[in-house]
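Look at the sequence and the structure below before reading on. The notes after them take one topic at a time.

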Amino acid sequence: MQRYIVIRLFHAVLALIGVSIIVFTLVRVAGSPLDALLPFNATEEDRARVETLWGFDRPLYEQYLRFVWNALRLDFGDSIKFQGQTAMGLIGEALPASLQLAGFALLFSVLMAVPIGVVSAIWKGSLIDMAGKIVALLGQSLPPFWLGIVLI
């Protein structure tokens, strides 16, 4: 059992490393971060100054190691959109509302799923059972962002 847990933890660490490489690469592939940090009419001196300030002039492996180190310390830096606020501070402000929404969604889904499951189990093979299966299939397969827009 201990061997299984160690192997699973090793796989989890590998997955986290893979995800961090993918995220880091996608941010760089999407374009230069300087384009988001600077206005369109910025001079080359401004670009060089901000590039040095944010560390974009360093080699990619150094940028990646710094990215991982900051992520491990939960230091996501300053918000670009909301000047003077940290990204972690903004996450902390939104966390209570997000937890409340997730808790309500969980409660709502349990209050719907349990009765539908019980009724489907009692009248197995009936029209009610088929309707319950269709509702369950749609609930699992419809994209949440689309379903949310339709329900609005």
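This is a predicted model: local features need pLDDT of at least 70, side-chain atom pairs count only at pLDDT 80 or more; totals for chains, interfaces and linings use all residues.

The mean pLDDT of the protein is 88, and 100% of the residues score at least 70.

**Confidence by element**
- Helix 1 (residues 2-29) has the highest mean pLDDT among the elements, 92.
- Helix 2 (residues 33-37) has the lowest, 76.

**Helix 5**
- Helix 5 covers residues 87-122, which is 36 residues.
- Helix 5 bends by about 40° at leucine 95, and proline 96 follows within four residues.

**Aromatic pairs**
- The protein has four aromatic pairs.
- One of the four joins tyrosine 64 and phenylalanine 67, with 6.4 Å from centre to centre and 35° between the planes, a tilted pair.
- Tyrosine 64 and phenylalanine 67 are about one helical turn apart, because three residues separate their positions in helix 4 (residues 60-72).
- Tyrosine 64 counts as buried because its relative accessibility is 17%, under the 20% cut-off.
- Phenylalanine 67 has 31% relative accessibility and therefore counts as partly exposed.
- Phenylalanine 104 and phenylalanine 108 form a stacked pair, 6.3 Å centre to centre with 20° between the planes.
- Both of these residues, phenylalanine 104 and phenylalanine 108, lie in helix 5, four residues or about one turn apart.
- Phenylalanine 104 counts as exposed at 54% relative accessibility, whereas phenylalanine 108 counts as partly exposed at 46%.
- Phe24, Tyr64 and Phe67 are linked into a cluster by ring pairs.

Note on methods. Residues are numbered from 1 along each chain as its sequence is written. Side-chain values use heavy atoms; hydrogens and water are left out. Helices (H or I, at least four residues) and strands (E, at least two) are DSSP runs, numbered from the N terminus. The expected span of a helix is 1.5 Å times one less than its number of residues. The bend at a residue is the angle between axes fitted to the seven residues ending there and the seven starting there. pLDDT is the predictor's confidence in each residue, from 0 to 100. Rings of Phe, Tyr and Trp (its six-membered ring) pair if their centres lie within 6.5 Å; planes under 30 degrees apart count as stacked, over 60 as edge-to-face and the rest as tilted. Buried means under 20% relative accessible area, exposed over 50%, partly exposed in between (1.4 Å probe, protein chains only).
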